[in-house]
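Subject: Structure handover

Hello,

Here is the structure I promised to pass on. Please open it beside this email and follow along.

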Amino acid sequence: MSSSVLAFSAQTRQENLDRMRSTQFDILVIGGGVTGASIARDAALRGYRTALVERADFASGTSSKSSKLVHGGVRYLESFEFGLVFEASRERRYALRNSPHLVRPLPFVFPVHKGDPRPLWQITIGMWLYDAMATFRNIENHQTWNKGHALRQEPVIGPQGLTGATHYYDAATDDARLTLAIIQDAHQAGAVIANYAHVIDLLQKDGQVVGAQVRDGLTGDEFELRARSMANATGPWTDYLLKMADTDAARRLRPTKGVHIIVPRERIRSQAAITMNSPRDGRLMFLIPWGQFSVLGTTDTDYEGDPADVWADADDIAYILESARHSFPVANLNETDIISAYAGLRPLIGSDAPTGYKVSREHQILRTAPGFFTIAGGKLTTWRSMAEEMVDELARYLGSEHGLSPSQPGGTVDRILPGGDIPDWYTYLAEKVGELGNRFSPETVTHLISTYGTGYSEVLALAEGDARLTEPLIPSLPYLKAEVIHAVRHEMALTLEDVLGRRTHIFDQVRDNGFEVAPQVAALMGAELGWSEQERARQVEDYQGIVEKARRWRGDNTRL
Ligand SMILES: Cc1cc2nc3c(=O)[nH]c(=O)nc-3n(C[C@H](O)[C@H](O)[C@H](O)COP(=O)(O)OP(=O)(O)OC[C@H]3O[C@@H](n4cnc5c(N)ncnc54)[C@H](O)[C@@H]3O)c2cc1C
């Protein structure tokens, strides 16, 4: 086995939990979304003794519910957030270079119609600025298209009143798998990591936070984890942790809910991602191509309530469909087209903005008690630079209060994510399609390479003794049975939802959310994890409960 993928399994988790009980760490990261994952990676690369605990699965919070864009954020130009656009454009460039399998260029088309809030000439000026913010090093500079060209390129655009369009580039990613790759790299760098490890309280001594009380989500066991400093990277749960540290802590977040729907690509075919507008409030949204599918969204509404219980409702769906029909009348999308819908919370910093849409996406780092740091707000795109800034803060604190210096230089600007050592993506992909073409379809090879990069061979190696593992889990999708085994051995997948919802995207990509294939996946996972018949049945039942919640917006149609 090549060294690109280390074991990262239930056994690794158990060993890590044991180490957490017996080690004093320099840095404890709370939260295994993209922000926590990247802080742990950066800290471990600087040689700090680093632990990360995640209450559920990695990326199970907002980091698997985004629009999956690594983007400069063209719309932030409107609110003059030039610093954010500059930073995000730079991070997009690094991400494309350091994780070419997980972050791919994506063309965008911005159509302009008569009566739109901004005429074509204004959008064109904005696009020049957008190219300038990327120091003219984006994938390609923008182009301005006349009406005829725009309709020839993207016939789905509403022709009525169209004055033209601009064409520009951003990038798309797989948010859950990007988070996982960062977690795996943190593990490789020496961070001690466990999912299903919930911080239920903070340990304090003389006004200082000195550790956390952690509950193992699988066994219910509790233990104390000692650390010199702590990074609260809990996204929408930020205020819960701030309250744990200080019961009088003021509320910092103003979370907003964002919903997306997924439809078959052939129902609304586009080459590029295309912006769309809500006829209700003029909000800008996107139609995003996603393999065989198109993703449409998102909404942006204030949310109060449990961050673990966020689901799409009928109003969200109506709003998105109305916007899609307004912007793409030819497709005339309706509810029966929808394969699935997902909802997430933006962990935005509180403000007096009249609507969530106007709240800034900038992040903030707070130190509310000695050694207790919180990072709030931010974006998926800026994960690397946010982490660098946070670890700089932690390093200053550890240096001044504990006399600790980093034992390694660290640095993440040029560090490649696992599987991403691919100098030329298209050449590599073409080579692999050629090599594996007698065993797999080009779609399957493309899926394997864009999911695992150079690590695809680890997945196929699992099937060497058992050809059945090269069979697809579901005939219409490219996921192989071997990927389930790989998820358990190398990606710390512990539940059906981990595999069906985040290691693969079956949950989002079939109309029954993977309900039918769940027992088969339970059998494959169970054989690896030693599940009894009873445990398999319990896993399937738990999964069905999640499926039913995700289908609530369907009303009477909730039960399968
Ligand atoms: C609809 C939507 C679309 C978006 N689209 C984009 C986009 O296209 N591009 C972009 O750049 N950004 C986008 N964003 C923003 C981006 O997704 C988020 O900024 C980012 O994912 C937040 O990551 P996080 O790690 O801070 O939070 P999360 O991913 O929510 O992670 C926090 C983690 O902390 C864990 N946790 C909570 N409490 C505890 C505890 N007590 N103990 C242990 N663990 C705990 C949670 O389980 C969770 O996994 C979007 C956001 C939304 C909602």
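Start at proline 478, which sits in the loop between helix H12 (456-462) and H13. Keep in mind that this is a predicted model. Which residues does proline 478 touch, not counting those up to four places away in sequence? They are Gln292, Glu443, Thr444, His447 and Glu483.

**H13 and H16**

Now move on to helix H13, residues 481-490. It packs with helix H16, residues 518-529. The angle is about 40°, and the axes are 10 Å apart. An angle under 35 degrees would count as roughly parallel, and 65 to 115 as roughly perpendicular. H13 is therefore oblique to H16. The crossing of the two helices is right-handed.

Which residues meet here? From H13 come Lys481, Val484, Ile485, Val488 and Arg489. From H16 come Gln520, Val521, Leu524, Met525, Glu528 and Leu529. Sorted by class, this contact has 7 nonpolar, 1 polar and 3 charged residues.

**The nonpolar cores**

Some of those names come back in the largest nonpolar core. How many residues does this core have? It has 71. Those with the most contacts inside it are Leu473, Leu496, Ile506, Val521 and Met525.

Take leucine 473 from that list. Leave aside its neighbours within four places in sequence, and leucine 473 is in contact with Tyr479, Leu480, Lys481, Val484, Ile506, Val517, Gln520, Val521 and Leu524. A second, separate core has 42 residues, including Ala44, Ala95, Ile182 and Leu417. As background, nonpolar side chains in soluble globular proteins tend to be buried together.

**H2 and its two partners**

Next, find helix H2, residues 34-45. One partner is helix H6, residues 175-188. The axes of H2 and H6 come within 8 Å and cross at roughly 25°. That angle makes H2 roughly parallel to H6. The crossing is left-handed. On the H2 side, the contact is made by Val34, Ala37, Ser38, Ala40, Arg41 and Ala44. On the H6 side are Thr179, Ile182, Ile183, Asp185 and Ala186. By class, that gives 7 nonpolar, 2 polar and 2 charged residues.

Another partner is helix H9, residues 383-402. Here the angle is about 55°, with the axes 8 Å apart. H2 is thus oblique to H9. This crossing is right-handed. H2 brings Val34, Thr35, Ser38, Ile39, Arg41, Asp42 and Ala43 to the contact. H9 brings Trp383, Met386, Ala387, Glu388, Met390, Val391 and Leu394. The classes are 9 nonpolar, 2 polar and 3 charged residues.

Look again at arginine 41, which is in H2. Is arginine 41 buried or exposed? Its relative accessible area is 1%, so it is buried. Under 20% is the cut-off for that word. Leaving aside neighbours within four places in sequence, arginine 41 is in contact with Ile182, Asp185, Ala186, Trp383, Thr412, Arg415 and Leu417.

**Backbone points to check**

A few spots in the backbone deserve a look. Most residues other than glycine have a negative phi, and most peptide bonds are trans.

- Phenylalanine 80 has phi near 60°, a positive value in a residue other than glycine. It is in the loop between strand E3 (69-70) and helix H3 (82-98). With a relative accessible area of 64%, phenylalanine 80 is exposed.
- Asparagine 513 has phi near 55°, also positive in a residue other than glycine. It lies in the loop between helix H15 (506-509) and H16. Asparagine 513 counts as buried, because its relative accessibility is 3%.
- The peptide bond from glycine 297 to threonine 298 is cis, with omega near 20°. Threonine 298 is in the loop between strand E14 (293-297) and strand E15 (301-302).

Best wishes

How values were computed: Residues numbered from 1 in each chain as written. Predicted model: local features only at pLDDT ≥ 70, side-chain atom pairs only at ≥ 80, totals over all residues. Heavy atoms only, no water. Axes fitted to C-alpha atoms, helices over the stretch in contact; angles between N-to-C directions. Helix = DSSP H or I, 4+ residues; strand = E, 2+ residues; numbered from the N terminus. Parallel < 35°, antiparallel > 145°, perpendicular 65-115°, else oblique. Left-handed = near helix turned anticlockwise from the far one by under 90°. Contact = heavy atoms within 4.5 Å. Nonpolar A, V, L, I, M, F, W, Y, C, P; charged D, E, K, R; others polar. Buried < 20%, exposed > 50% of the residue type's maximum accessible area, 1.4 Å probe, protein only. Core = buried A, V, L, I, M, F, W, Y, C linked by side-chain atoms within 4.5 Å.
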